[in-house]
Amino acid sequence: MSLIGKKIEAFTADAYQAGKDFFKVDSEKDFIGKWSVVCFYPADFTFVCPTELEDLQNQYSTLQSMGVEVYSVSTDTHFTHKAWHDSSDAIGKVKYIMIGDPTHAISRAFDVLIEDAGLADRGTFVLDPDGVVQMVEISAGGIGRDASALIDKIKAAQYVRKNPGEVCPAKWKEGGETLKPSLDLVGKI
């Protein structure tokens, strides 16, 4: 079942963020009122994951300038996130929030839990300021994601939210032409 257009389920979880003490993330307080990227990955201390999280960090300031907060999530604990942050050059760069999901509740709620492994699939979710899922991308374990591809997708989602009745075509870039679906357009694209 697709999560597109659905509000995220409420949850509370422990998280780690560089330079801060451990804290709780509460979906109702933390995910509402701003755009959010929730990036699930299988596990800390692995191989593809640090390349993805470092790449996401490389886009973090751009995302923040767009009013987007970033959260990474794995089924590891927030303590493991801190240990990984302290020992990995790539993860040591990460400034965004790293959520621990050892109970698997969040991974289940986002439908990315690999039950028999106790790990999450590589899933990227874009949530609007109401906590409603606007985009989902899920990849197999061996396929790393490109965080730069998120920028245009989020800009498109933000544009559509601000401009009801308009849609963004394939390869749309900010400032590009949009479409206004109507019977007059049928068969003319």
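Me: Is Lys 153 buried, partly exposed or exposed?
Reply: This is a predicted model. Buried needs under 20% relative accessible area, and exposed needs over 50%. Lys 153 has 37% relative accessibility, so the class for Lys 153 is partly exposed.

Me: Which residue forms a salt bridge with Lys 153?
Reply: Lys 153 lies in helix H5, and the partner sits in strand E9, so the pair ties together parts that are 16 residues apart in sequence. The closest N and O atoms are 4.0 Å apart, and the partner is Glu 137.

Me: Where does Arg 161 find Asp 128, with which it forms a salt bridge?
Reply: The closest N and O atoms of Arg 161 and Asp 128 are 3.3 Å apart. Arg 161 is in helix H5, 33 residues away from Asp 128. Asp 128 lies in the loop between E8 and E9.

Me: Is Asp 128 buried or exposed?
Reply: Buried means under 20% relative accessible area. Asp 128 has 5%, so Asp 128 is buried.

Me: With which residue does the side chain of Asp 130 meet in a salt bridge?
Reply: Asp 130 is partly exposed, with a relative accessible area of 39%. The partner is in helix H5, 31 residues apart from Asp 130. The N to O distance is 3.1 Å, and the partner is Arg 161.

Me: What distance does helix H5 reach from its first C-alpha to its last?
Reply: Helix H5 covers residues 148-162, which is 15 residues. At 1.5 Å a residue, 21 Å is expected. The helix comes close to that, reaching 22 Å.

How values were computed:
Residues numbered from 1 in each chain as written. Predicted model: local features only at pLDDT ≥ 70, side-chain atom pairs only at ≥ 80, totals over all residues. Heavy atoms only, no water. Helix = DSSP H or I, 4+ residues; strand = E, 2+ residues; numbered from the N terminus. Expected span 1.5 Å × (residues − 1). Buried < 20%, exposed > 50% of the residue type's maximum accessible area, 1.4 Å probe, protein only.
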